Amino acid sequence: MALLEVRDLKKYFPVKKGILSRTVGEVKAVDGVSFTLERGETLGLVGESGCGKTTVGRSILRLIEPTAGEVVFDGQDLLRLNKEELRRVRASFQIIFQDPFSSLDPRMNVGQIIGEPILNHTQSSKREIHDRVAYLMKRVGLHPEQMSRYPHEFSGGQRQRIGIARALAVNPLAIVCDEPISALDVSIQAQVMNLLAQLQEEMNLSYLFIAHDLSVVEYISDRVAVMYLGRIVELARGRELYENPRHPYTRALLSAVPIPDPEVRKQRIILEGDVPSPLNPPSGCGFHTRCAFRKSICTEERPLSREVGNGHWVECH
C-alpha cells in the first residue's frame, strides 16, 4: 500500500465581485489531480509557473482546504480528520517552503524555530529538546553554537538548512519540498540537493518534490509528474519520461533544458500563444490551444489518463 494516495484532488478559488462580494466565477487552480507516493520514494512534480504545483502540495497538507477529492496518508483520509487528529498526523507529514526567509519567524531564534515542532508534538524535556536541536543543526551542516542567532543573521542557504532541520524535528515519514532550492544560488542548490538525498537514504523519507527545473527533478526523482493548467498530463519513471516523453507539453519542456556541451545542438520546441487562464480554461484538452498536433476531438473531449507503458501514464488523445 502506498504511503500517500491522492485521488481526484480539486482546489477552486472563488472570484468575488461587487459590494455584496458575490461569487462570479472560480479559478480552477487544481482540477482533478491523482497520484501515489510510495515509502522511500521521490515523486517530482513539475510544470511552468501558475500550473498549480504549490497548490497541490499545500492542499494535501490542508494548509489550504481542498474543494474536493481524497488524500489518504498512511491509511488515513486527511480531508476527514478534525483539527486535533490532523495536528497529530502532521508530525509525520512536513513541508519545506520555497522562501527560506519568510517561512522563518524573525522573532524566534534558531533553537526555538527548530525546537517548536518537538515541543508541540512530544513530551520531551528542555534538555532533550536542546540536544535534539543541536543534533539536527549538525546534521544539516550548521553549528549548534549558532542556536541563539536569529534568521536575519544567516545566508539564504543556511536559512533553508534551518527549514530542513525544522521539517526533520519530529521524524516525519514524508516531506513536501515546495521548490526548496529555487531561491538559492546555483552552488548552494547542489549542496542542498545532496543533503536532501542523504537524509532520504538515512531516514527512508518520501518526498513530493515540487520544482520547475526539469534538470533538478531528474537528479533527485524516482518518478516525475508533469502538470499543466491544474492537471497532471504525464507521469512516468524518471528515465522513461526523459528518454521517451509522450505528451507534446512534456516534449516542449524537455527541449528547453540546456545541455552542458557547446557542440550539441538541440531543436527547441516553441509553444504557440500563452497559458490559458484557470478562471476560464478551454474546453476539451487544456493544452489544445498551444498544441501543434491538435485534432477536432481535442477541442471537444477532455482526454482520460491512460497507461502507455510500464507505469507510464499520459493524458492525451
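Student: What is the order of the strands in the open sheet, and which pairing is found?

Tutor: The order is β2-β1-β4-β5, and the pairing is antiparallel. This is a predicted model, in which local features need pLDDT of at least 70, side-chain atom pairs count only at pLDDT 80 or more, and totals for chains, interfaces and linings use all residues. Residues are numbered from 1 along each chain as its sequence is written, and side-chain values use heavy atoms, with hydrogens and water left out.

Student: What makes β2 and β5 the edge strands?

Tutor: β2 (22-37) and β5 (76-77) each pair on one side only. Strands are DSSP runs of E with at least two residues, and helices are runs of H or I with at least four, numbered from the N terminus.

Student: How do you know that β1 and β2 pair?

Tutor: Pairing requires that DSSP finds at least two bridges between two strands. β1 (residues 4-17) and β2 have twelve bridges, in the antiparallel sense. Leu4, for one, has Leu37 in β2 as its bridge partner.

Student: Why is α5 called roughly parallel to α6?

Tutor: The axes of α5 (residues 156-168) and α6 (residues 186-203) cross at roughly 15 degrees and come within 10 Å. Angles under 35 degrees count as roughly parallel, over 145 as roughly antiparallel, 65 to 115 as roughly perpendicular and the rest as oblique, so α5 is roughly parallel to α6. Axes are lines fitted to C-alpha atoms, for helices over the stretch in contact, and angles run from 0 to 180 degrees between N-to-C directions.
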